[in-house]
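Today I opened my notebook to look at the inside of a protein.

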Amino acid sequence: MASPTPVHVRDLDKTYPRGAHAVAGVSFDVAPGEFFGLLGPNGAGKSTTLKILATLLKKTSGAVVVAGHDVDRDPAAIRRSIGFAMQDVGLDDLASGSDFLTLQGILYGLHRNEAKRRAGELLDLVGLTDVASRKVGAYSGGMRRRIDLASALIHRPALLFLDEPTTGLDPQSRLAIWQYLEKLNAGGTTIVLTTQIMEEADRLCRRLAIIDHGKIAAEGSPRTLKSQIGGDTVAVTLDVPPGDTARDGQERGGQGIAARAVALVTQRPYVTAASSHAGRLTIVVRDIRGAVPDLLRLLQDNGIAVRELAVSTPTLDDVFLKVTGHQIRAGDTSGSDADAAMRQSMGLGKR
Amino acid sequence: MESWYIFRRNFRIWLGQPMLLIPNILLSIFIFIVFGSSFSASVDIPGFPTADYNDYFTPMILIQTLIFASGDAGYALLTDILSGYFDKLLLAPIHRFSILMGVLLMTAVRMLVMTGIMLIIAVIIGVQFQGGFLGILLIVLICATFGVAWSCISIIIALKTKSAQATQSAFVLFFPPIFLTTGFMPKELLPHWFQIAVTVNPVNYVLEAVRAITIVGWDWTPILQGVFILLGLTTVLMGLATWMFRRATA
């Protein structure tokens, strides 16, 4: 069955009325069943992009088709097709968890009893059955994210948008949400997520677009992006016998054991570069698969003893730094904290 | 149908916040007693239409209570806008106007409750309603409609500013329409400039309709005048609120 491309975005541009140019010519596509990520710092244009896709914001220019529907011509059809967990979790603090989800179900066209049943199902899925009758306002940050995720799933959407689903959460809650998302994606749900957490992008997303200052700086699978930085690095510490020239870091005349090792490994086709210093080899490989056992065998067969070996992989941090020229500064959520503080003071003012 | 469920949700939220209602009612009772007592001698002024000042003053208390309560609609909407719940409703595949309808339905219920409580207090104090039972029903209808229409002002401000301060401080705007009326004294006893202000204040016509039913009975001229102006006011304010809602959610 030819299902429509879940997300098609071309030259998307958004300038806010007060002049901020939030999105400046973004293009990307998301395939059915894909787990796609928009990775970038605060203010990069991630949330704006997602809100436009979800019909909450009007674009300035460009083409946006979501679930086969044009965002200008048929926003109502898009709303029926998607689930959206927003960054500013829009919960009803004075309603109980189950009342909140039941109303969501009704608003998405379920009958009352059906909505109640679905609410129970989802509370179970996100592990909130015990607190179903408590007011949402009393939930912890992690619980709020979970019930918000549940509300986005109420109508079993085939396409799910998530705006920073785990920002500000403790590692345990984060892991729980990752596991739900992986399960959903495995079940066929197409997911588009924004994040500023490298680990999250790396673990969940099959494909990523790095977005900075409203533009896409790089796009590809986490693996491809990281391999652009250069390959994995294997660091080998040799067991250098007494008297060997490698002891003091001098590889005189290429006679020492380390120099011999460098010469040996360089001959391997998957090795792109190798060097040594004070008995430590640094070997950059194109493809880590099978490299470690082969290197060990090679050195051992030539009578070179290995004391220690470590593999390091370039991280998305390295990728981000390379393509944008700066660090992402994850965890800087001062903006949303201010919002929360304001909301709280408002609540105290009148409740 | 969606409006109904959104209303039900708003109603439940309102029930969970009794402190939105109680201070308002207490303030009205306070004003009723203090002003009603301090002006009680006015009935001896030649030309004053009633023998008991409370009979004359009751319509004023009703209008004042409703205007004071009219800020709650905007405040409730703003709370949802700031919490993000409003966006969540916009995201749902429903007719967007059902969100506004849900707010207005809730406002109507709130205004009915306020009017009912104040009328019961008036009856307890001994106010006689010359219009009888049907008159009281018409007063309830006029008051609830007026309360909903006037609440549109706070809804408009909330949608326009999306600011808690602006929505809260808008009540300052409510004082001239309340006090530049014949609520305390009949028009003939007011100074000339005040008479002009009273004539251009639409709220005064609504007030006079309610008062006519209370102290005279079925005196059709002020009643029809008041109802006519009330319908105009309702059309304009609801129209503006709808327009602002459309703009805010476009």
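I began with the lining of the second largest cavity, which divides into four nonpolar, three polar and one charged residue. Here Ala, Val, Leu, Ile, Met, Phe, Trp, Tyr, Cys and Pro count as nonpolar, Asp, Glu, Lys and Arg as charged, and the others, Gly among them, as polar. A cavity is a set of points on a 1 Å grid over the protein atoms alone where a 1.4 Å probe fits but cannot get out, and lining residues have an atom within 4 Å of a point.

I noted the ground rules: this is a predicted model, where local features need pLDDT of at least 70 and side-chain atom pairs pLDDT 80 or more, while totals for chains, interfaces and linings use all residues. Residues are numbered from 1 along each chain, chains are lettered from A in the order in which they are written, and side-chain values use heavy atoms, without hydrogens and water.

Next I looked up the largest cavity, which holds about 70 Å³. Arg145(A), Asp148(A) and Ile177(A) are among its lining residues. By class, I found six nonpolar, no polar and four charged residues there.

Which residues does Phe146(B) touch? I listed contacts (heavy atoms within 4.5 Å), leaving out residues up to four places away in sequence, and found Ile63(B), Leu66(B), Ile67(B), Val203(B), Val206(B), Leu230(B) and Leu233(B).

Technical notes:
1 Å grid on protein atoms, 1.4 Å probe; cavity = no way out; pocket = protein on both sides within 12 Å on 5 of 7 lines; lining within 4 Å. Points joined across faces, edges and corners; volume = space filled by probe spheres on them.
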